[in-house]
Amino acid sequence: MDLDLTPDEDAFRAEARAWLAAHVPADPLPSLETAEGFAAHRAWEAELSADRWSVVSWPEEFGGRGVDIFKWLVFEEEYYAAGAPGRVSQNGINLLAPTLFDHATDEQRARVLPSMASGEVIWAQAWSEPEAGSDLASLRSRAVRTDGGWLLHGQKTWSSRAAFADRAFGIFRTDPDAPKPHQGLTYLMFDLRAPGVTVRPIGRLDGKPAFAELFLDEVFVPDEDVIGEPGRGWRIAMSTTGNERGLTLRSPGRFLASAERLLRLWRERGEDPAVRDRVADALIGARAYQLFTYANASRFAAGEQIGAESSLNKVFWSEYDMALHETALDLLGADGETAAGEWAEGYVFSLAGPIYAGTNEIQRDIIAERLLGLPKGRR
Ligand SMILES: Cc1cc2nc3c(=O)[nH]c(=O)nc-3n(C[C@H](O)[C@H](O)[C@H](O)COP(=O)(O)OP(=O)(O)OC[C@H]3O[C@@H](n4cnc5c(N)ncnc54)[C@H](O)[C@@H]3O)c2cc1C
């Protein structure tokens with residue numbers, strides 16, 4: 001692996017940095033987990049998209065710049081270093097889009113991707129159910145064949161952004177008689193405002209309606225919104241989870257920027273040598289994660305799959321994020337306990353990291369069994 005960026009990549013970095021310096025809002029946008037913040041973030045997605053910074057690695061025909069994964073990583077570093085707003089369209093861009101690139105038809109890509117890039121259509125992931133989280137294959141929501149499409153029945157839960165989003169993607173049981181639970185599932189897209197959909201927001205620890213549960217009663221989905229072959233949804237879903245845990249959901253730029261912020265906080269308020277060591281650990285961790293990600297990106301660019309290694313990423317960033325925020329709160333002392341500022345909010349959200357995108361217990365089992373070849377344990 002060559003660790004130096006090329007002059008072309010450096011020029012790309014400079015261009016991104018200049019654009020962000022001119023456009024990132026001076027004051028932070030309201031939380032995207034509120035109606036007002038959601039609208040403000042949608043407008044930001046449109047601004048990014050107007051100058052083709054919304055999805056830099058996508059082909060130009062869908063609103064991107066067609067750049068490779070290394071330039072995407074460079075862009076992400078600049079994005080977070082500039083303090084730019086969190087991406088309200090991340091479920092669509094990071095999860096559904098790679099799935100569409102791999103499994104959808106040309107017609108579906110042309111229809112879905114441009115409005116995703118511009119923030120006109122914001123997507124939610126509708127996978128989890130009350131009885132199907134870690135054991136996703138036990139999901140019970142059904143899609144039943146009808147003229148020209150399918151009718152959805154059932155309940156989904158913990159669907160991030162669904163309180164304000166436009167559309168959702170999920171997996172549904174289309175063959176209840178299939179011999180194994182992960183067979184007979186179909187991957188499809190549906191409209192959150194279609195007749196038969198009830199969206200009920202779920203309040204989070206911080207009180208914001210970040211999630212929703214979805215109740216589906218004969219919701220019509222046309223055939224054109226089925227991704228891949230009916231009955232083969234599990235295989236497609238597994239390619240989505242690889243993307244979620246692997247390269248795209250948490251790029252190192254985010255943690256490099258957080259570690260720099262922590263360092264600034266230490267310079268303002270730090271005295272305790274024990275906390276100083278934890279600040280140093282945060283900086284080392286961010287750099288280690290960056291290098292590990294560049295190594296994965298090199299493998300990816302060489303045509304390899306990331307596979308079960310994405311579970312290493314997921315465990316690392318989720319534990320890193322909690323440790324970083326705990327260090328910041330220790331530095332802030334009583335101020336951290338009382339202030340509803342970004343560190344306190346970030347800390348509360350970091351607690352969810354070991355749960356979403358597949359819990360860390362499950363990731364550790366995957367690492368043990370598939371990467372280390374250890375015998376099957378609890379399952
Ligand atoms: C912030 C956040 C956002 C989310 N966003 C979405 C979203 O947008 N869309 C969506 O569909 N879902 C979303 N989820 C749901 C998330 O994917 C599930 O919470 C997660 O998969 C765990 O499922 P569960 O909550 O049903 O817990 P369970 O599966 O019931 O697990 C409970 C506990 O038991 C452990 N456990 C279960 N099985 C095993 C096993 N075989 N071996 C060892 N330990 C085991 C788990 O690790 C966990 O600690 C989100 C969750 C959070 C917290």
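This is a predicted model: local features need pLDDT of at least 70, side-chain atom pairs count only at pLDDT 80 or more; totals for chains, interfaces and linings use all residues.
Residues are numbered from 1 along each chain as its sequence is written, and side-chain values use heavy atoms, with hydrogens and water left out.

- Trp72 belongs to helix α3, residues 69–81, where helices (H or I, at least four residues) and strands (E, at least two) are DSSP runs numbered from the N terminus.
- Between the C-alpha atoms of Trp72 and Glu9, which are 63 residues apart along the chain, the separation is 9.9 Å.
- An unreviewed UniProt entry gives residues 6–120 the annotation "domain: Acyl-CoA dehydrogenase/oxidase N-terminal"; UniProt positions are given in the numbering used here, feature names are shortened, and annotations may be inferred rather than shown by experiment.
- The span 6–120 is 63% helix and 0% strand, and its end C-alpha atoms lie 35 Å apart.
- Residues 124–217 carry the annotation "domain: Acyl-CoA oxidase/dehydrogenase middle", again from an unreviewed UniProt entry; this span is 0% helix and 46% strand, with its end C-alpha atoms 18 Å apart.

**Aromatic pairs and charges over rings**

- Across the whole structure a search finds 21 aromatic pairs, counted where rings of Phe, Tyr and Trp (its six-membered ring) have centres within 6.5 Å, with planes under 30 degrees apart taken as stacked, over 60 as edge-to-face and the rest as tilted.
- The ring centres of Phe255 and Tyr289 are 5.6 Å apart and their planes stand at 70°, so this pair is edge-to-face.
- That pair links distant parts of the chain, with Phe255 in helix α7 (residues 252–269) and Tyr289 in helix α8 (residues 273–301), 34 residues apart.
- Tyr289 also pairs with Phe316, here in a stacked arrangement with 5.6 Å from centre to centre and 20° between the planes; because Tyr289 lies in helix α8 and Phe316 in helix α9, the pair ties together parts that are 27 residues apart in sequence.
- Tyr289 counts as buried at 3% relative accessibility, whereas Phe316 is partly exposed, with a relative accessible area of 33%.
- One aromatic cluster is formed by Phe12, Trp19, Trp44, Trp53, Phe75, Tyr79 and Tyr80.
- Arg65 lies over the face of Trp53, at 3.5 Å from the ring centre, where a charge sits over a ring if NZ of Lys or CZ of Arg is within 6 Å of the ring centre and within 35 degrees of the ring normal.
- Over the ring of Trp317 sits the charged end of Lys314, 5.7 Å from the ring centre.

**Helix α9**

- Helix α9, residues 309–332, has 24 residues and reaches 35 Å from its first C-alpha to its last, close to the 34 Å expected at 1.5 Å a residue, the expected span being 1.5 Å times one less than the number of residues.
- Of the 24 residues in α9, 17 are buried, and the helix is mostly covered.

**Ligand surroundings**

- Ser128, Ser134, Trp158, Thr359 and Glu361 come nearest among the 18 residues around the ligand, a residue being near if one of its heavy atoms lies within 4 Å.
- A polar side-chain atom of Ser134 lies 2.6 Å from an oxygen atom of the ligand, and a backbone N or O atom of Trp127 lies 2.9 Å from an oxygen atom of the ligand.
- In the side chain of Ser160, an N or O atom is 2.8 Å from a nitrogen atom of the ligand.

Note on methods
Buried means under 20% relative accessible area, exposed over 50%, partly exposed in between (1.4 Å probe, protein chains only). A polar contact is a pair of N or O atoms within 3.5 Å; within protein, one must be able to donate a hydrogen and the other to accept it, and residues adjacent in sequence count only if both atoms are side-chain atoms.
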